[in-house]
Amino acid sequence: MRTNRPRAAFPGVAIAAAFLAWTPLPGNAQDRTAEEIEKYRRALAEGNPAELWEVRGEALWVAKRGPNNVSLEKCDLGLGAGVVKGAYAELPRYFADTDKVQDAESRLVSCMVTLQGFKEEDAKKNPFSAPGRHSDLEALTSYVASESKGMKMNAPIRHAKEIEAFELGEYLFYRRAGPHDFACSTCHADTGKRIRLQELPQLTNPKEAQQVFTTWPAYRVSQGSVRTMQHRLYDCYWQMRHPQLDYASDTATALMVFLAKYANGGEVNAPALKR
Amino acid sequence: MKARIMVVAGAAVLAVAGCATGLSDGERQARAEKILKEGFSKGNQAMAARVVQQDEAQALCSKYARALPKDVVAKIEQSQQATIKYPADGKLMGDWKEGEKIAQDGWGLRFTDTGQPDRKNGGNCYACHQLAPQELSYGTLGPSLYQFGKSRGYTDEVRKYVYGKIYNAEAFSACTSMPRFGHSGILTEQQVKDVVALLMDPNSPVNK
């Protein structure tokens with residue numbers, strides 16, 4: 001798997017380049033800017049810093065930690081206890097033991113609680129890194145995602161709770177609120193739009209949803225860190241002038257199941273590299 | 001009436017395609033609203049209150065996000081028109097240079113935008129619109145506003161329309177993506193005037 005990693009980075013660049021190529025950018029100045037950004041991405045993709053997060057995440061997975069001093073190697077990510085390979089491609093999904101639909105990050109928290117004996121608030125207290133402060137969850141999620149590279153996204157929407165999560169996510173996607181009247185759909189229901197020079201994916205369009213959903217977690221150059229899907233949603237709500245979204249909340253899960261419906265079928269290429 | 005029937009038909013198609021759980025619209029709404037509220041349990045509670053409680057226009061625009069019936073359009077545009085407060089001094093235009101700064105500035109009302117009580121919110125117009133041709137980094141969620149005043153005429157009617165549109169865009173276009181900058185308290189009256197000047201002053205770079 002490790003030997004595949006440098007190669008696996010290239011399809012992502014090709015997809016990103018194709019994405020930019022068919023995004024209509026009026027005017028030469030915007031074309032040139034997009035080209036320059038693409039060159040920069042290409043240069044960095046050959047040595048994606050996210051690999052450091054993957055390696056650290058793998059070490060955390062096997063390390064004996066927490067009050068119970070055990071590893072996460074028996075954690076069930078949906079394909080059976082200890083099966084990491086391919087698990088990320090089939091998340092979020094329903095878990096009988098928690099009786100909840102969970103994404104990768106929510107499930108990692110559950111395993112830290114049930115296997116390692118962490119208190120839930122301790123397991124969740126540092127979900128996003130900051131300068132000088134690592135996040136174990138960012139590293140673990142990077143590792144888990146990397147073990148699904150090249151596999152097709154296939155998050156199940158079959159169990160009654162999975163179907164319900166999809167329906168709630170759909171409701172929330174179109175829900176306008178706050179001082180600016182923003183909904184997720186304000187920016188993500190149409191194709192070929194931009195904020196400033198940033199292209200906006202139409203998340204109900206399978207082609208665009210797949211390109212986005214399969215590339216989180218990603219190393220974000222602008223933030224100097226790997227960021228996860230939980231962070232992406234938190235960051236969207238920040239920009240929407242909504243409050244801080246709780247980590248691993250049911251709202252986050254519902255939105256992810258809604259997005260996964262359109263992203264299913266896309267090939268996982270995470271952790272990727274983004275602006 | 002036609003629009004209503006189309007909405008019902010659309011919902012039926014979605015129910016089949018989206019593998020309905022049998023949740024009624026009311027149950028779905030109640031559960032979604034509950035998890036949304038719970039999802040902001042640790043966040044800024046003043047902000048949460050403003051997000052959890054939708055106003056009538058927000059609720060209607062959410063409900064009819066994919067198919068907006070004509071009678072709802074009329075209802076929203078009428079109620080929003082009544083919210084517009086035109087300046088008491090009758091002056092609709094401020095300083096385009098200040099308007100340009102407001103158009104560039106995206107600061108304000110995010111949960112990290114704290115600790116600067118004297119700093120005014122920005123309008124962030126360039127996030128969605130082309131305005132002055134010198135600024136190449138503009139978004140396309142909204143239409144280009146380059147040469148706005150020049151192409152429409154520097155008249156009182158157009159100035160009044162622009163002031164009202166910035167103050168409350170939903171009065172003219174129900175459920176538009178554009179925030180209601182005056183009505184929602186994002187921009188002050190003076191700031192709205194300055195942005196009107198950016199679009200309507202013959203000396204503004206937008207009209208060059």
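Guide: Gladly. Chain A has 11 helices and seven strands, where helices (H or I, at least four residues) and strands (E, at least two) are DSSP runs numbered from the N terminus. This is a predicted model, in which local features need pLDDT of at least 70 and side-chain atom pairs count only at pLDDT 80 or more, while totals for chains, interfaces and linings use all residues. Residues are numbered from 1 along each chain as its sequence is written, with chains lettered from A and ligands numbered from 1 in the order in which they are written.

Visitor: How many residues of chain A are in contact with chain B?

Guide: Two residues are in contact if their C-beta atoms, placed from the backbone, lie within 7 Å. Here 42 residues of chain A meet 45 residues of chain B. Among the elements of chain A that each supply at least two residues to that side are helix H2 (28-45), helix H7 (160-173) and strand S3 (193-195). H7(A) gives the largest share, nine residues.

Visitor: What classes of residue make up that side of chain A?

Guide: Ala, Val, Leu, Ile, Met, Phe, Trp, Tyr, Cys and Pro count as nonpolar, Asp, Glu, Lys and Arg as charged, and the others, Gly among them, as polar. The side of chain A that touches chain B has 20 nonpolar, 10 polar and 12 charged residues.

Visitor: Is H7(A) largely enclosed or exposed, and why?

Guide: A residue is buried if 20 or more other C-beta atoms lie within 10 Å of its own, exposed if 12 or fewer, and partly exposed in between, with C-beta atoms placed from the backbone. In H7(A), 12 of the 14 residues are buried, so the helix is largely enclosed by the rest of the structure. The buried residues include Glu162(A), Phe166(A) and Tyr171(A). Their cover includes H8 and H11 of chain A, together with helix H2 (25-39) of chain B. Across chain A, buried residues make up 51% of the 275 residues.

Visitor: And what is the angle between H4(B) and H5(B)?

Guide: Axes are lines fitted to C-alpha atoms, for helices over the stretch in contact, and angles run from 0 to 180 degrees between N-to-C directions. Helix H4 (residues 56-63) and helix H5 (residues 70-81) of chain B pack at about 160 degrees, with axes 11 Å apart. They are therefore roughly antiparallel (angles over 145 degrees). Glu56(B), Ala57(B) and Leu60(B) of H4(B) make the contact with Val72(B), Ile76(B), Ser79(B) and Gln80(B) of H5(B).

Key
Angles under 35 degrees count as roughly parallel, over 145 as roughly antiparallel, 65 to 115 as roughly perpendicular and the rest as oblique.
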